[in-house]
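Good morning, colleagues. Please turn to the structure on the screen, which I shall take in parts.

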Amino acid sequence: MTVVAQRPAETAAPVPRRRRRGTGRQRWVALAFLVPVLAYVVLFFGYPLVNNVSMSLRDYTVRSFYTGEAPFVGWENYAAVLRDPLFTEAVVNTVVFTVGSIAFQFGIGLALALFFAGRFPAGGLLRSLLLLPWLLPLVVSGAVWRWMLDQDHGVINAALRAVGLADGPTPWLTDPGWALPAVIIVNIWIGIPFNLVILHGGLRAIPQSLYEAAALDGAGPWQRFRHVTWPLLRPVTAVVLMLGLVYTIKVFDVIMVVTGGGPANATQTLTTWSYHLSFGGGFAFGEGAAVSNLLVLVATVFGLFYLRSARSSIAEAGT
Amino acid sequence: MSRVARHLVLGSVAATAMLVVTACGPSPATESSGEPAGEISELDYYADQQGSRAWQQILDTCSRETGITINRQTVPTDQMLPKILKDASSRTLPDLVFTDNPTLQQIASTGALTPLTDYGISIDGYYDSIIKAGTYEGEVYGLAPGVNGLALIYNEKLLAEAGVEPPRTWQDLATAARKLSGGGKYGLAFSAIPSEEGTWQFLPFFWSNGAELSALDSPEAVEALRFVTELVDSGAASKSVLNWNQNDVADQFVAGNAAMMINGSWNLARLDEEQGLDYGVVPVPAPEAGTDPVVALGGEVGAIPATGADRQQAAAEVLKCILAEENMLAWDTAHAYVPSRKATAEKFARDNPAMRPFVTEVETARSRTAELGERYPKVSQALATALQAALAGERSPQEALAAAQREVGRS
């Protein structure tokens with residue numbers, strides 16, 4: 001820039017040329033910055049996704065992995081999946097699992113975030129201890145929960161008996177009616193830290209002066225929450241719920257370790273069912289891919305909803 | 001400024017190029033010189049501490065004997081088939097694979113395996129059932145250094161205290177198990193999880209009663225499922241069997257929570273390590289006195305994928321060494337398996353009295369894939385689902401098996 005400024009005497013002609021050359025170069029620079037991102041997206045998202053869609057439209061068998069031959073069958077796999085009596089059960093389980101998990105994860109996470117928003121001794125330490133469930137490998141926590149929920153010798157039933165909340169042992173993992181609530185409880189426990197951390201960050205960003213002003217105007221704790229915290233936390237809430245939804249709908253390892261989809265398919269969700277279709281014995285890889293594509297579709301629809309609401313809230317903030 | 005921009009352009013292009021290169025990875029060079037390679041890769045699922053150690057010793061021995069370096073890879077059981085399929089599609093299969101015998105049909109059907117007879121590996125003297133399990137379309141693709149089956153393992157002290165004799169028939173088993181139950185303890189433990197493991201544990205009851213996998217809803221099959229369901233309903237076995245894998249079953253037995261368990265011989269090595277635990281072994285009880293129980297044949301078969309002539313040759317050398325009598329005996333002794341060659345097994349039974357019931361059972365054991373071949377996994381899954389539905393009380397044994405047969409017939 002300074003070089004250009006020092007040469008005011010130059011003729012006008014070269015300037016636009018140089019500028020044109022400049023914008024051309026800028027375009028190249030912009031493109032060069034874009035290329036790594038594009039390459040990454042194409043390689044690690046586009047390619048698997050296209051492959052998965054292609055797999056779901058083919059009769060993909062064990063043999064196909066080696067020979068590469070998989071005849072095209074159109075929508076046959078999707079039709080087979082929709083006809084399967086397990087489809088409805090898996091969809092209902094997925095919805096119950098997702099809604100149940102998110103409602104409690106968010107509710108408890110928000111309550112804890114509000115609690116830890118106040119400063120008190122050892123608050124930071126306690127808050128970081130609460131992160132533990134998030135740091136543990138899911139297979140480890142899943143295996144421990146499986147022991148704890150054991151009907152005869154599990155610590156949870158022993159505790160319930162000790163405090164008089166239950167007479168007999170609760171068949172957590174062995175009764176088709178109890179198994180889904182049991183895996184939801186495990187998943188809530190795993191998801192609370194995530195909600196807590198993000199919501200806590202959101203609370204920190206709300207200016208303290210607003211609370212002081214509200215208090216001066218005579219607002220009680222509930223009114224402060226309802227009219228200051230809640231509206232100002234809304235963008236963060238949207239992010240948490242959106243990410244929570246995408247994370248929860250695809251939960252696989254927790255269910256696989258705790259119940260394996262049983263008893264009698266009572267905890268079979270779309271993800272575990274997709275795995276069962278592919279590797280459980282039928283080796284219907286096309287059908288497994290079809291189920292996972294349906295999941296991708298659902299997650300994408302919610303993702304678009306989120307982007308739209310985010311855009312409108314940005315527009316709102318701009319006016 | 002333009003220099004900075006040029007650097008940025010070059011830098012990002014280079015980064016992209018690197019990304020592409022690393023993503024594609026180097027393709028393995030397959031050179032063939034006719035000589036056995038000096039190094040092979042091997043894949044197995046002996047992931048538990050005891051089994052892994054014992055298997056490593058056999059590999060070390062054979063590495064010494066053949067002069068071939070063996071790069072071992074171990075994956076959890078349920079990851080075995082996914083890993084093999086992934087490796088098959090990227091043409092990076094290990095040179096020697098030890099996989100659960102019912103999965104061999106699937107792997108062989110891909111065309112990735114080579115017949116063992118091509119390498120001059122003898123198939124003489126093996127139990128018929130293990131040869132059948134390793135045969136696909138008339139060629140033998142897999143041979144096992146050891147086989148196993150299920151038996152009834154009982155806690156001597158608990159049975160003596162209750163004055164119960166080790167059961168031989170279904171009637172005895174039900175009575176004994178009920179007598180041994182109470183106070184949070186159960187007479188019998190077994191595994192009925194919704195996978196191949198659950199089917200494998202149910203098959204001794206299913207087959208011993210005369211049922212066949214080709215007709216899941218036969219009266220014999222229903223009777224077998226009703227018997228197992230009643231064990232749980234009467235409280236002789238915990239409902240947790242729905243969620244216990246065979247390791248959990250062994251844990252329950254070791255902890256004294258179950259007086260008897262249906263489990264495989266490979267647990268004996270572990271039970272021997274427990275201080276103060278005296279156990280006995282009898283064959284899985286048969287429906288009636290005087291009949292032999294029919295259990296499913298278990299065990300891992302060694303197979304050689306097509307990875308290039310010299311590597312295949314080297315893998316065959318190693319496999320031959322593992323199948324040699326003394327190594328077979330060493331592995332089977334260390335891991336409590338039954339030798340897969342009849343003569344070796346008889347010798348083995350003389351030296352290991354605790355293994356005798358297992359050796360007897362293997363003689364009548366059936367290969368799970370003998371009749372159904374590639375279709376077995378689908379039938380097995382349907383049967384495991386029926387088992388779960390009946391034990392969980394969702395469906396009657398009759399309804400559960402009828403649904404399973406419909407499921408199998410649908411495709």
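This is a predicted model: local features need pLDDT of at least 70, side-chain atom pairs count only at pLDDT 80 or more; totals for chains, interfaces and linings use all residues.

I begin with the interface. Chain A contributes 39 residues to the contact and chain B contributes 48 residues. Between them, chain A and chain B bury about 3600 Å², with 59% of that area on carbon and sulfur atoms. As to charge pairing, two salt bridges are found across the interface of chain A and chain B. One salt bridge joins Arg146(A) to Asp248(B), with the closest N and O atoms 2.7 Å apart. Polar contacts between chain A and chain B amount to twelve residue pairs, both residues being at pLDDT 80 or more.

Which helices of chain A each supply at least two residues of the side that touches chain B? They are helix 2 (14–56), helix 3 (62–67) and helix 14 (270–279). Helix 2 of chain A gives the largest share of that side, nine residues. By residue class, the side of chain A that touches chain B holds 20 nonpolar, twelve polar and seven charged residues.

I turn now to the domains of chain B. Domain 1 covers 39–143 + 300–336, and domain 2 covers 150–296 + 370–409. Taken over C-alpha atoms, the centres of domain 1 and domain 2 of chain B are separated by 29 Å. Their contact takes ten residues from domain 1 of chain B and eleven residues from domain 2 of chain B. The two domains of chain B bury about 810 Å² between them, 58% of it on carbon and sulfur atoms. Within the area that domain 1 buries against domain 2 of chain B, 45% is supplied by Pro102(B), Gln106(B) and Ala336(B), more than by any other three residues.

How many salt bridges are counted between domain 1 of chain B and domain 2 of chain B? The count is zero, whereas four residue pairs are in polar contact, both residues at pLDDT 80 or more. On the domain 1 side, helix 4 (104–109) and helix 13 of chain B each supply at least two residues. Helix 4 of chain B accounts for the largest share of that side, three residues. The domain 1 side divides into four nonpolar, five polar and one charged residue.

Ala336(B) sits in the loop between helix 13 (325–335) and helix 14 (342–351) of chain B. Its phi is positive, near 55°, in a residue other than glycine. Is Ala336(B) buried or exposed? Ala336(B) is buried, because its relative accessible area is 5%, under the 20% limit.

Ala264(A) lies in the loop between helix 13 and helix 14 of chain A, and its phi is positive, about 50°, although Ala264(A) is not a glycine. At 10% relative accessibility, Ala264(A) also counts as buried. Pro263(A) is placed in the loop between helix 13 (253–258) and helix 14 of chain A, and the peptide bond from Gly262(A) to Pro263(A) is cis, with omega near -15°.

Two items remain. Leu126(A), in helix 6 (residues 123–129) of chain A, is partly exposed at 39% relative accessible area, and its contacts include Phe116(A) and Phe120(A). In helix 3 (residues 80–89) of chain B, eight of the ten residues are buried, among them Met80(B), Ile84(B) and Asp87(B). That helix is followed by Arg91(B), with a positive phi near 55°.

Key
Residues are numbered from 1 along each chain as its sequence is written. Chains are lettered from A and ligands numbered from 1 in the order in which they are written. Side-chain values use heavy atoms; hydrogens and water are left out. Contact means heavy atoms within 4.5 Å. Buried area is the accessible area (1.4 Å probe) that two parts lose on being put together, summed over both. A salt bridge is a side-chain nitrogen of Lys or Arg within 4 Å of a carboxyl oxygen of Asp or Glu. A polar contact is a pair of N or O atoms within 3.5 Å; within protein, one must be able to donate a hydrogen and the other to accept it, and residues adjacent in sequence count only if both atoms are side-chain atoms. Helices (H or I, at least four residues) and strands (E, at least two) are DSSP runs, numbered from the N terminus. Ala, Val, Leu, Ile, Met, Phe, Trp, Tyr, Cys and Pro count as nonpolar, Asp, Glu, Lys and Arg as charged, and the others, Gly among them, as polar. Buried means under 20% relative accessible area, exposed over 50%, partly exposed in between (1.4 Å probe, protein chains only). Domain bounds come from an automatic or database domain assignment. Lists of a residue's contacts leave out its neighbours within four places in sequence.
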